[in-house]
Amino acid sequence: FNFPPYLRIIHFDLDELDAVPRLVVRWCYWSFKALVLGVCLNLLTSIVLASLGVPGTGVHVAYSLFNVIIGSGLGVYCLHAGYKGVATSDSPLMRRFVGLQAILALLMFLFSLLPVVNWNGWLRIADVIRAPVVEPWVFWLVMIILESLVWTCGYGIAGSALYHVITYDTSGPMAFSARASQAMNKVTGATKPKSVAAGAVASASIALTKI
């Protein structure tokens, strides 16, 4: 076991995977990173606001800490299901990842919008502007934007991870290999006329030299 660092709960190593599975799992890994970054930003915001004496934010520190523990734990479990499922082509594990990832993606979408309890979604901006507390106004506004951006990018990355795992589960590595081959064929097809033209010019030059 080597992941997460220092805790070492699961085994996770992208270098052990072939190119196509590594691509799929990398999306899962970035989704996990977005989740952890989001809950950590939320905890930081709650701590600073509570230390500045913003009313009602003291209990938010406890909520945010709870969310860090629960969110990170679910993220690690989901990542492990995706990693092991893709690495061993285990459909039940990949379907487990899809179910958990879909829930996490929905939660990240809600967190990016709603100003509920300790969450600082985009709609929190209006509350902060109308707030009577002036001192942490700029800090809170900046943190709202950062946290909302992380959640917005997070559910987009989670959606891409879902797409890649579902495609890998249903079609296997050949689904992505076929697309790579098509792209290479397009490139080859685009360069082939240039090669033919260059060959024709070279042949003409040789013929003129012989004359």
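Tutor: One term to start: buried means under 20% relative accessible area. Also, keep in mind that this is a predicted model.

Student: Okay. Is phenylalanine 12 buried or exposed, and why?
Tutor: Phenylalanine 12 is at 8% relative accessibility. The cut-off for buried is under 20%, so phenylalanine 12 counts as buried.

Student: And phenylalanine 3, buried or exposed?
Tutor: Phenylalanine 3 counts as buried because its relative accessibility is 8%.

Student: How do phenylalanine 3 and phenylalanine 12 pair up?
Tutor: They form a tilted aromatic pair. The centres are 5.2 Å apart, with 45° between the planes.

Student: How many aromatic pairs are there?
Tutor: The count comes to 9. Ring pairs also link Phe3, Phe12, Tyr29, Phe32 and Tyr83 into a cluster.

Student: New topic. What sits over the ring of tryptophan 30?
Tutor: The charged end of lysine 33. It is 4.5 Å from the ring centre.

Student: Which elements give two or more residues to its lining?
Tutor: Helix 1 (19-51), helix 2 (58-88) and helix 3 (91-113).

Student: Which residues line the largest cavity?
Tutor: Among them are Cys28, Phe32, Leu79, Gln101 and Met108. Phe32 also belongs to the ring cluster.

Student: How many of the lining residues are nonpolar, polar or charged?
Tutor: The lining has 8 nonpolar residues, 3 polar and no charged.

Definitions and conventions: Residues are numbered from 1 along each chain as its sequence is written. This is a predicted model: local features need pLDDT of at least 70, side-chain atom pairs count only at pLDDT 80 or more; totals for chains, interfaces and linings use all residues. Side-chain values use heavy atoms; hydrogens and water are left out. On a 1 Å grid over the protein atoms alone, a cavity is a set of points where a 1.4 Å probe fits but cannot get out, and a pocket is an open set with protein on both sides within 12 Å along at least five of seven lines; lining residues have an atom within 4 Å of a point. Helices (H or I, at least four residues) and strands (E, at least two) are DSSP runs, numbered from the N terminus. Ala, Val, Leu, Ile, Met, Phe, Trp, Tyr, Cys and Pro count as nonpolar, Asp, Glu, Lys and Arg as charged, and the others, Gly among them, as polar. Rings of Phe, Tyr and Trp (its six-membered ring) pair if their centres lie within 6.5 Å; planes under 30 degrees apart count as stacked, over 60 as edge-to-face and the rest as tilted. Buried means under 20% relative accessible area, exposed over 50%, partly exposed in between (1.4 Å probe, protein chains only). A charge sits over a ring if NZ of Lys or CZ of Arg is within 6 Å of the ring centre and within 35 degrees of the ring normal.
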